[in-house]
Each structure stands twice: as C-alpha cells, then as structure tokens.
Amino acid sequence: MPLLLIQGKYRLKNTKPDGDTVHFVADNPDEWKLVGGKHPVNASSSGDASLRLEAIDALETHYAGENQPLQLAHAAAAELLTWLGFNDVQREPNENVTASTPETVPGWILTGGGDVNNRAVAFAGRGTPPAASGTAVVVDVPLLRQTANHHLAALGLAYPTFYAGLFADLRQELTAVAQQAREARQGVWAEDVTTTGFKVDDLTTITDHAVIMPKLFRRLVDYLKLGMSVPCFPAYLAGKEDMVTVLSTGERLVGLHHVVTVTNGHTVRLTRPIEDLLFDEG
C-alpha cells in the first residue's frame, strides 16, 4: 500500500488529542501539497495539521459535547501520547492541552489523503523515519507494526475500523491483533457490548456505561439528540445511507440498518463483528 511519508514532529499544546487523533507538524510544509486523495489536508503555512489515525477508532472524549466512558477513552489517549514520547501532559477539563513534556517529539506519518474534516488520515510512527521524507512508501505488515495504529489495536484500546482503500494484508493483521486482544479481554474488549447488545434508556447509557464501537456511538448521539425514540433508530440509519461492505460475504449494503438491530424496544446490537465491515468514507 503506497503512501506518502512525511517527517516532522508531534505537538500537543492548544490541541485536544485523543486515542486516534493527534497534531503533527511537517518539517517541510510544502510536502502537504504532495498528499493526494479525495479530500485535501487542512495544513497551515507552518506545516501544522491534525491527524486521524488510519484503521482504528478509539472511544470518544469529545464528540458533539459528549464522551464515551472516560476511563477507557483516557487510557487510549494516554497510551498514544506515551508511545509517541510524551511523559507529562497537562489538560484543561475540556481536554485542551496546556503543556507537555517535551513540547514536541520527532516522528513521521504515512498518509494517502484527508478525511471529510480535512484531517490527514495516517499511520503514525515515532523517531527516525524508515525512508526519505516526501517519498512514496509501500506500507506492508512489518512497517504497520512500527506504528501507533497497530500498537493501540494490539492493546485493545482502539476498535479496528476499516475504510475502503486499506489493503487486505493490513486489515488482516489488524484484525488478528484485535481478535487476540478481544480473547484476552484487554482494553475495550473487557467491557464491549457492541455485538452482545445494550439497552438504551437515555443518552447516559452510552456516555457513562455501555462501551461500544465509536461509529455506532456517534450515530446514536446524533439520533438521541433529536429527541426520537430508540425503536425508530434503524429508520434513521437507513436515511443516513452509510455505505458498508461485509467482508466475509462481499455483500455491499446501503445503510447501517442492515447490520444494526433494535429488539425489545430499546436493545441495540451490531449483528456483525466490527472487523468484518468495510466502510466508505463518511
């Protein structure tokens, strides 16, 4: 999987990093112009840009003013920053970082483009890059294992979440380590109820109690804030028209209502393992 390698440094001050989002500053700001993809990366003239880590999704710490159970959400964020090389991070209650030690750490990213929010979708590495900055690098499994993305998935601190364009060998590796973490009940897998089901009484069910895949959490937050009843959630999902492919069968579906059910009025459940789903951007 060829991606553009950019060398630079990670910086935290005045940003809100979580378990799959962090700020990156390219040593050569012009290299952002080399990034392809459908969506451009919103990078400043000094090389600053926000990263969304490819192929993983950590629990939300601040989505639409809401969060998922914070102990696990904060554990993912702390592990990411520690792995990158930060050993003291000071935050405000709103998750904004006011100081860190050190202020920056060197690293590199591998990116093929931005997301709908114009963040660089990337694999994140630390220290000395494996190739020259500004060059295309084929990302294979050994290189994947050098990234924060792989590290967080292997610890069970982030859900494997695959989007179209990610090569099959990388999906298979991340699936394997996520399944190992699930079997060991590490991280989110000790409490995950995405596929076993969870009764939604109100918004606090998913903000304070139920540990579920973040994509489903985001859809539920948006829906519940409309004041709608839980039994109608599948109809809402049908209207969103998320494109998803079931990897094990090859079936291509329009709408998450094909893989999300509501039973007994309020029990929500994903009917396929998350690593068996391949999402289109959105």
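Reader: What makes E11 and E17 a pair?
Author: Two strands pair if DSSP finds at least two bridges between them. E11 and strand E17 (residues 277-279) have two bridges, in the parallel sense, so they pair under that rule. In E17, Leu278 is the bridge partner of Phe162. This is a predicted model, in which local features need pLDDT of at least 70 and side-chain atom pairs need 80 or more, while totals for chains, interfaces and linings use all residues. Residues are numbered from 1 along each chain as its sequence is written, and side-chain values use heavy atoms, without hydrogens and water.

Reader: How do you know which strands stand at the edges of the four-stranded sheet?
Author: The sheet is open, has mixed pairing and runs in the order E11-E17-E13-E14. Strand E11 (162-163) and strand E14 (251-254) each have a single partner strand, so one side of each lacks a neighbour in the sheet.

Reader: What is a strand here, and how many are there?
Author: Strands (E, at least two residues) and helices (H or I, at least four) are DSSP runs, numbered from the N terminus. The chain has 17 strands and seven helices.

Reader: Why is the chain called as compact as a globular protein of its length?
Author: The globule rule is 2.2 Å times the number of residues to the power 0.38, and the radius of gyration is taken over C-alpha atoms. For 282 residues the rule gives 19 Å; the chain has 18 Å, which is close, so the label holds. The C-alpha trace spans about 55 × 40 × 35 Å along its principal axes.

Reader: Which strands form the three-stranded sheet, and which are its edges?
Author: The order is E12-E16-E15, in an open sheet with antiparallel pairing. E12 and E15 are the edge strands, as each pairs on one side only.

Reader: What lies between E15 and E16?
Author: Three residues separate the strands of this hairpin. There, Asn264 takes a positive phi near 50 degrees.

Reader: Which side chains of E16 are buried?
Author: Buried means under 20% relative accessible area, exposed over 50%, and partly exposed in between (1.4 Å probe, protein chains only). In strand E16 (residues 267-270), Val268 and Leu270 are buried and point to one face. Of the 282 residues of the chain, 51% count as buried.

Reader: Why is Thr261 called partly exposed?
Author: Thr261 has 26% relative accessibility. That value lies between the limits of 20% and 50%, so the residue counts as partly exposed. Thr261 belongs to strand E15.

Reader: What does Thr261 touch?
Author: Contact means heavy atoms within 4.5 Å. Leaving aside residues up to four places away in sequence, Thr261 touches Thr267, Val268, Arg269 and Thr271. Thr261 and Thr195 are 66 residues apart in sequence, with 10.0 Å between their C-alpha atoms.
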